[in-house]
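Thanks for coming. I will go through one structure, starting with the terms and then moving from chains to helices.

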Amino acid sequence: MEKSLYNIFKAFFKVGTLLLGGGYVILPIMQCELVEKRGWIDNDELCEYTALSQSLPGLIAANLSIFVGYKLKRTLGAIVAIFGMVLPAFLCIIILAKILEELINLRFIQGIFWGVGIGVLVLIYLAIKEIWNKSVTGRFTFFIFFIVFLCSACLKISPAILVILAILTGIVRQIILSRKKPEGSE
Amino acid sequence: MIYLQLFLEFFHIGLFSFGGGYATIPFLYHIAETREWYTAQQLTDMIAVSSITPGPVGVNVATFAGYTTSGILGSVIATASVVLPSLIIVIIVSKLLEQFKHNEYVKSIIYCLKPAGCGLLAAVGVNMFISGFNLIGLVLFLILFAMSLKKKHDPLVYLGISAAAGLIIYLINPNM
């Protein structure tokens, strides 16, 4: 499909509409809509943008949309992508704002909340699987994954600190690699 | 002036919430305590509602707070403010990446950031799993999981089935 601004808007409006259950769900939705259905980006790029989106301040769904929008059509693409992603959320809340309290008091809605929560877990699991395939490629990357996972899940260390440590690891790794190179080994 | 206050508060959230997902929630509770835009109870309701409305919770609460304090214009300002820092920062980073994408150091940093990002995502998944754990939930999770093994379905399929299952389970046993 042609990557015109109108098509970018339409694609992100759809992504934004399907984005139920919190920001991370954008990952499996983008895999489905942008990688598989439209072929605008590949899984490798999506994995890279996800890592960068988590490393920068801001909502992850917003960062990811802007990265992909920029990749497709530079600054204008980024603006159109974020506008399309946010618009369904905006319209929906404007409509619901007045009846929010009545809505929350409808008890059967609690059942739906609970169910969607489980669906979101499955989607996050599927997204992790794809990202894993593209990021954990050897012993060294598995080590980074494992340390970050433990520090974040068990020790509750802030993601900001873990991201900075990962960046430092990348720099140190390159310094070591470039020292080795003159001796003929990669 | 209310519009400027909305801009500043939500720009602040967009600029300092870090790590995605539910990182915005402490900031949003802080606003509930210091401003009279919404109460803590309204925020709790809002977070629940945002799981069945489109969009990230940060965007949903920004729209809601803007709308309840000063109508449509307020909601436009608050919503735009929460994503504006992302727009500026990500565009700058994208431009830098284009320029330096063949730099060995940049490549090495991305090589290490990818598994780190995966680890952060896995931690979010595990925490969500533990916090909402019960037997019916586990069964539903396993059924959806088994479905995904056979064929990769559209994300909406999982959300639709899980929402319907939640509703049915509630109707059978309202005290779940």
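First a term: two residues are in contact if their C-beta atoms, placed from the backbone, lie within 7 Å. A second term: helices (H or I, at least four residues) and strands (E, at least two) are DSSP runs, numbered from the N terminus.

This is a predicted model, in which local features need pLDDT of at least 70 and side-chain atom pairs count only at pLDDT 80 or more, while totals for chains, interfaces and linings use all residues. Residues are numbered from 1 along each chain as its sequence is written, and chains are lettered from A and ligands numbered from 1 in the order in which they are written.

Confidence next. pLDDT is the predictor's confidence in each residue, from 0 to 100. For chain B the average pLDDT is 90, and 97% of the residues score at least 70. The complex has an ipTM of 0.92 and a pTM of 0.92 from the predictor.

Now chain A. Chain A is divided into domain 1 (5–131) and domain 2 (136–186), with bounds that come from an automatic or database domain assignment. The C-alpha centres of these two domains of chain A lie 28 Å apart.

On to helix packing. Two packed helices are described by the angle between their axes and the distance between the axes. Axes are lines fitted to C-alpha atoms, for helices over the stretch in contact, and angles run from 0 to 180 degrees between N-to-C directions. Angles under 35 degrees count as roughly parallel, over 145 as roughly antiparallel, 65 to 115 as roughly perpendicular and the rest as oblique.

Within chain A, helix α1 (residues 5–18) and helix α4 (residues 60–96) pack at an angle of about 45 degrees, their axes 7 Å apart. α1(A) and α4(A) are therefore oblique to each other.

For residue classes, Ala, Val, Leu, Ile, Met, Phe, Trp, Tyr, Cys and Pro count as nonpolar, Asp, Glu, Lys and Arg as charged, and the others, Gly among them, as polar.

Within chain B, the axes of α3(B) and α4(B) come within 10 Å and cross at roughly 130 degrees. That makes α3(B) oblique to α4(B). On the α3(B) side, B:Leu43, B:Met46 and B:Ile47 meet B:Val57, B:Asn60, B:Val61 and B:Phe64 of α4(B). This contact of α3(B) with α4(B) has six nonpolar, one polar and no charged residues.

Finally, the interface. Here 83 residues of chain B are in contact with 93 residues of chain A. The largest share of the chain B side that touches chain A is from α5(B), with 24 residues. By class, that side of chain B has 52 nonpolar, 27 polar and four charged residues.

Which helix of chain A crosses α5(B) at roughly 75 degrees? That is helix α3 (residues 43–55) of chain A, and the two axes come within 8 Å. The angle makes α3(A) roughly perpendicular to α5(B). Residues of α3(A), among them A:Cys47, A:Ala51 and A:Leu52, meet residues of α5(B), including B:Ile110, B:Leu113 and B:Leu120. The contact of α3(A) with α5(B) divides into seven nonpolar, four polar and two charged residues.
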